[in-house]
Amino acid sequence: MKIIIVGCGKVGYTLVEELSGENHDIVVIDTSEKKVNSITDDLDAMGIVGNGVSFQTLHEADVEHADLFIAVTGSDEENLLACVIAKKASNCKTIARVRNPIYNNEISFLRKELGLAMIINPELASASEIARIFQFPSALKIDTFSKGRIELIHFRVTPECKLNNYPLLHVRTSLNCDVLVCMVTRGDQVLIPRGDFIFREGDVVAIVSTPRSASDFFKKIGISTGKIRTAMIVGGGTIAYYLAKRLLDVGVDTKIIDQSPERCEHLSEMLPEATIICGEGINEDLLLQEGLDTVEGFAALTGLDEENILLSLHAKKASNAKVVTKINRINFSGVLDDLNLDTISYPRLITADSIVKYVRSMDASLNSNVENLYKLEDGRAEALEFYIKEPSKVTGVPLGKLRIRKNILVCCINRGGTIIIPGGHDQLLPGDSVVVVLTNSRLHDIKDILED
């Protein structure tokens, strides 16, 4: 597939990184020669230095033969205009990044009237992710499928947790919980465990379940499921706005600290129910003065990754809060793991996941659509939701009789709103939405779960 990407910032780089591994012909465009060279030197892509809103530049990129056009510059308006020009110049699908809250209520109108395939808002998606975590602070990460009916919840096994030294075989039998353990991360290993697996302290476990069954499971293993009632956000950017709005809507007492008087005034107008503090969020005395030691949720959302890490480490030491850290640039995952941060949010990866999902679903010949896609554990694993469109060799056969590839697990079936945690006797049927978790491979179609 021929893909043109306008904008070579953090999101653009991540997109090329993800999509180049899917064997596509990629062209990147940016006005900065340095940014273009950074991508073309490191990754498999052609580069053009120019303005992505210019038809001449798009013509040079051969937009007439493009299958997909993605605009992710720092300007919403440039992204929308570039997509309109690309759409007029060719028959390609177009995706625009639009972040400004003033467009948030107009997304459907813009997508329809401008003929866009998708509008992505990584800040809003990131805020939604953090809000879900604050609703269930014991989780490290929560991914949702089937419009919230199914959750993929990651949590850490603590010394007090009943799962410590507990066999996987007994999770559904002895605990009598309708959940499926689909993945365990232990040190550098990412495992899809078998029944004889024994949980250990420090394991990061991922379960698939309905929200109600998950709550029952966590109570039985001794992990609290209480929601936070107070939150402190350091950094008053777009994610902070979206997050504060979500929290205020569910009754969470929310405080934002930002150093810009103009931004604080703007936030006060947009979020009259929030407490807005103008000051240096990195100031230890200010944080304590504003109640860091008693707050239940803390989000470090400044524009500097290093500052967010320091703030998070301090918040973990000075409080019992659930701490979320925004990271945009730093890729030293091993170092971040050693710091034992609670939850890390990567807005650029959320964007990449959304677009990779769309790209995999563009082939009309497939028997299934990729409804959702999440990269897990630094890309070492994936969780995908497929909608099965029509009969194939995976349908109408008990799962226990299918020759499913190694390191692939069918985790959940949504059949007309009924959630099934499958066993070997269950079958996949046309019309089902199916959640699959896998390591060390990629799936484009539901048939790909089978051995060749």
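Q: Is Arg360 buried or exposed in this model?
A: Arg360 counts as buried because its relative accessibility is 2%, where buried means under 20% relative accessible area, exposed over 50% and partly exposed in between, using a 1.4 Å probe and protein chains only. Please keep in mind that this is a predicted model, in which local features need pLDDT of at least 70 and side-chain atom pairs count only at pLDDT 80 or more, while totals for chains, interfaces and linings use all residues. Residues are numbered from 1 along each chain as its sequence is written, and side-chain values use heavy atoms, with hydrogens and water left out.

Q: Where is Arg360 placed?
A: Arg360 belongs to helix H14, which covers residues 347-360; helices (H or I, at least four residues) and strands (E, at least two) are DSSP runs, numbered from the N terminus.

Q: And what does the side chain of Arg360 make a polar contact with?
A: The partner is the side chain of Glu382, at 2.8 Å, a polar contact being a pair of N or O atoms within 3.5 Å; within protein, one must be able to donate a hydrogen and the other to accept it, and residues adjacent in sequence count only if both atoms are side-chain atoms.

Q: Which residues does Arg360 touch, not counting those up to four places away in sequence?
A: Arg360 touches Glu22, Leu366, Val370, Leu373, Lys375, Glu382, Leu384, Arg442, Leu443 and His444, where contact means heavy atoms within 4.5 Å.

Q: Staying in helix H14, what about Thr351: buried or exposed?
A: Thr351, also placed in helix H14, counts as buried because its relative accessibility is 2%.

Q: Val11 is in H1, so which residues of H1 are buried?
A: The buried residues in H1 are Val11, Gly12, Thr14, Leu15, Val16, Glu18, Leu19 and Ser20. Because eight of the 11 residues of helix H1 (residues 10-20) are buried, this helix is largely enclosed by the rest of the structure.

Q: Changing topic, which residue has a positive phi of about 50° although it is not a glycine?
A: That is Ser146, found in the loop between strand S7 (141-145) and strand S8 (150-156), and it counts as buried at 7% relative accessibility. Asn176 has a positive phi of about 55° and is not a glycine either; its place is in the loop between helix H7 (170-173) and strand S9 (180-186), and Asn176 is exposed, with a relative accessible area of 58%.

Q: Where does Arg380 lie, and what does it touch?
A: Arg380 lies in the loop between strand S18 (368-376) and strand S19 (381-388) and is partly exposed, with a relative accessible area of 30%. Not counting residues up to four places away in sequence, Arg380 touches Thr185, Asp188, Gln189, Val190, Thr439 and Asn440.

Q: What about Gly417, where does that lie?
A: Gly417 lies in the loop between strand S20 (408-415) and strand S21 (418-420), and it counts as partly exposed at 37% relative accessibility. From Gly417 to Arg149 the C-alpha to C-alpha distance is 8.0 Å, while the two are 268 residues apart in sequence.

Q: And Asp452, buried or exposed?
A: Asp452 is exposed, with a relative accessible area of 97%, and its place is in the segment after strand S22 (433-439). Asp452 and Arg405 are 8.6 Å apart in space, C-alpha to C-alpha, and 47 residues apart in sequence.

Q: Zooming out, how many helices and strands does the protein have?
A: The protein has 14 helices and 22 strands, and its C-alpha atoms fill a box of roughly 65 × 60 × 40 Å along the principal axes. Buried residues make up 54% of the 452 residues, and among contacts with a separation of 6 or more, 60% are between residues 24 or more positions apart.
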